[in-house]
Amino acid sequence: MCPPSPALAGNREIAATLTRIARLLWLRGDSSYRILAYEKAAEALAEYPGSVAQLALQGELRTLPGVGNAIERAVTEYVRTGRVSLLDELQEDYPEGIVELLALPGLGPRKVRALWENLRVGDVPGLLEACRAGQVAAIPGMGPRTQERLLAAAEAAMTNSALHATRWLLGTADPPAERLLQALRGMPSVQVADIAGSIRRRSSTVKDINLTAASDSENEVFAAFAALPDVALVERPVAGVLVAATHTGIPVDLRISPPTSYGNLLQYRTGSTEHNAALYKHAQLHGFTVLQQATEPQLVGKTIQPFAFVREEGVYRYLGFDWIPPELRDDKGELEAAREGHLPQLVTRRDLRGDMHVHSVWSDGKATIAEMALAARERGLGYICICDHTRSLAVARGLDADRLLQQRAEIDVVNRQLGDDGPLVLAGCELDILADGTLDLPDDVLAGLDFVVASIHTSLTQPRKQIMRRLTAAMRNPHVDAIGHPTGRLLLRRPAYDVDIDQLLTLAAETGTALEINSSFERLDLPGRIAREGAKLGIRFIISSDAHNPGGFDLLDYGVGEARRGWLEPRHILNTLPWRDWRKRKI
Ligand SMILES: [Zn+2]
Ligand SMILES: [Zn+2]
C-alpha cells in the first residue's frame, strides 16, 4: 500500500510558515493590518481538519476563512516548492531563530533588533546565555530589570517548547480521535474498534491517538484508514501496526488483532505503562507466562500467552480482577481494589443533574440566559446556576450589585418562560478573590444569591502565603459555596499558582466549602489526583462546565473524566443531587 501523498506539507507546517512571515513583517515595522492577516490565516489553517495542501493544489484555498490573495499565493507556492519567496526575502538579514524571540512576552521588534545588533543574539538559547552572562543589562535602554524579565521568559519558553513537542490537550485530541473511531467502526471488515491509550484513560494531556480494531483483514483496514480525510501522513504498516498523523499534527497509532485476541490488545494498548507493569508482574507471580516485550509489534494481541480473550474483561477476570475502568489504570491502588471487589462506582455524565458555573452575555459569555437554559435542557440538566464574573474583572465585563439585581429580574422572567420543563435557572456569581484577599462584592449582596463560586483570576504570581491568605478568606466567608478552578493551572501553558494543597483541602473540609472540578479542557482543575485526597477528608465537589456558550455544556464530559481519575463517586459530587436536596449554605 502506498502512502496517499507523503510529500504534501502538513497544516501545522504551513501555518507555522505564515506565522513566521507575520513575525518578520512585525520585526520590519510593516502595517499591523497586513501582519494580522497572516496571523489570522495561520490560525484558521492550523485548525482546519482536512488537508490544506490539497485544497491549495485544487485552487480552493480561498474557501477558508481569512484567506485572501496574498495568503493563497504564499501557501500555494509553499506547497509546490517548499519555499515562499516573500519569506526568503524577509529572512535575509536575520537568523532563523529570531522569530522565536519575537514570540516572547516583553520582547517587541525594537528590543529584538537591539539584541541582534548589539550582541548578535538571534534565538532563545542565545538570549538565555546572554542574560545569564549579564550582557543584556548593558544594552542601552534595557537595564537589569529587563534582563531579569527576559531571563524568566526565555527559561519558560525553553520548558514550554519541550512540553509542547510531545503533548496535546485531551480536548484537542479527542474530537479527531472520535471521528477516526467512527470511521473505523463503519468499515465492513472491522468487527470492533476502540480508542485506547491515554485518551481512553482521560488523561488531561496526551501524546498521541491510540486506536485498536479487531479484524481478520488487516491490510484492507489499513488501506481504508490511510485514505480517511482526517489522516495525513502514513508510514508503511508493519505487523499489525499503522503509524500516521492527523492534518493538525497529532500522531496516530492504529493496531489490529484478530477478533479472538482483541481483548488482550485493547487491554495492553490502554495502559498505563505503570498499570500494565504491575498487572503483568502479578500475573508472573501467579505462574502465568508473559511474552518478552521486545519490540512493540510482537506484543500485539499476544501480551499474555497462551490466553486470548475476545473482550478486555476476560483478561482481568482470568487474572483474578474485576474489570478496571480505564481512568483508574495508573497503578495507584486499583489492582488491589479490583482484586478485593472494592472498586469505586465512578460518577458518570448521566449522574449530573445540574451545572453550577455557567456564564452568559451579562459578562463574557456568548449567549443569553435563555439560550443557555435551552441548551442545558437539551442536555438533560435539571438546573443551572448563572455565575457571571464580578465587577473587578473588567475585561470580562464583570457585574456589580446593581447589574446583578437586574440579572436576577431576567432570570425570574426566563424561569417563568421555561415553566415545568425547566431547567431551573439559579442566580449566582463567579466572585473574584482580589489580590489583597478581599472579595469583590459585599456580604449583603452575596447573601441574596443562590450560589457563589469564588475564583482567583489575577495576581497569579503572588507568593504562596498571599495566595493562601486569599483562598482562606474566601473559604471562611459564609456566603462562598465553592472555590472555582482551585489551582489556576492552564494545561501546557501555565502552571498552578503557588497553592498549598494540604492547606487548601484542610480548609475546604473544615469550612464545608465545595471545590470545583472545572471541565474546561485547558483547566481540568481541581486535578483528579488532588480530588481523590480531598474526598478522603470528606470534601464535596461540584463538576462544572464553566460554559461560555451553548456548546460549552458538552465540556462536562471532560470534567467527569477528571473526577473519575480521582476515584470520585456520585456521592462526592453535589450536583448529582436534585437542587431541592442541597444543603445550600455551609454549616
Ligand atoms: Zn474563572
Ligand atoms: Zn467562569
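This is a predicted model: local features need pLDDT of at least 70, side-chain atom pairs count only at pLDDT 80 or more; totals for chains, interfaces and linings use all residues.
Residues are numbered from 1 along each chain as its sequence is written, chains are lettered from A and ligands numbered from 1 in the order in which they are written, and side-chain values use heavy atoms, with hydrogens and water left out.

**View 1. Helix α19 from end to end.**
Helix α19 covers residues 401–418, which makes 18 residues. The expected span of a helix is 1.5 Å times one less than its number of residues. Just past the helix, Gly-419 takes a positive phi of about 60°.

Which residues of α19 are buried? They are Leu-404, Gln-407, Ile-411, Val-414 and Leu-418, where buried means under 20% relative accessible area, exposed over 50%, and partly exposed in between (1.4 Å probe, protein chains only). Looking down the axis of α19, these buried residues fall within an arc of 70°, so they line one face of the helix; the arc is taken from the directions from the helix axis to the C-beta atoms. As a general point, an α-helix has 3.6 residues a turn, so residues three or four places apart point the same way. On the other side of α19, Asp-402, Leu-405 and Arg-416 are exposed. The buried residues pack against α18 (369–378), β11 (383–389), β12 (424–432) and α20 (443–447), with contact meaning heavy atoms within 4.5 Å.

**View 2. Zinc ion (ligand 2) and its four donors.**
Meet His-357 (NE2), His-359 (NE2), Glu-430 (OE) and Asp-546 (OD), which coordinate the zinc ion (ligand 2) at 2.1 to 2.2 Å. Donors are N, O and S atoms within 2.8 Å of the metal (3.2 Å for Na, K and Ca), and water is not among the atoms, so sites may look incomplete. Along the chain, the donors of this zinc ion (ligand 2) follow the spacing H-x1-H-x70-E-x115-D. Angles among the four donor atoms run from 82 to 166°, and the site is irregular. For that label, four donors count as tetrahedral if all angles lie between 85 and 135 degrees; four count as square planar and six as octahedral if opposite donors are over 155 degrees apart and all others between 65 and 115; anything else is irregular. His-357 and His-359 are both buried.

Glu-430 and His-485 are both buried. The zinc ion (ligand 1) and the zinc ion (ligand 2) are 3.5 Å apart, and Glu-430 coordinates both.

**View 3. Inside the nonpolar cores.**
A nonpolar core is a set of buried Ala, Val, Leu, Ile, Met, Phe, Trp, Tyr and Cys residues joined through side-chain atoms within 4.5 Å. The largest one has 60 residues, and Leu-471 and Phe-541 touch the most other members. Leaving aside neighbours within four places in sequence, Leu-471 is in contact with Ile-433, Ile-456, Ile-483, Tyr-497, Val-499 and Leu-504. A second, separate core of 52 residues includes Ala-53, Leu-90, Leu-115 and Trp-116.

Gly-422 and Pro-423 are joined by a cis peptide bond, with omega about 0°, and Pro-423 sits in the loop between α19 and β12. Another cis peptide bond links Asp-525 and Leu-526, with omega about 15°. Leu-526 belongs to the loop between β15 (514–518) and α23 (528–536). Leu-524 is in the loop between β15 and α23 too, and its phi is near 40°, a positive value in a residue other than glycine. With a relative accessible area of 0%, Leu-524 is buried.

Note on methods
Helices (H or I, at least four residues) and strands (E, at least two) are DSSP runs, numbered from the N terminus.
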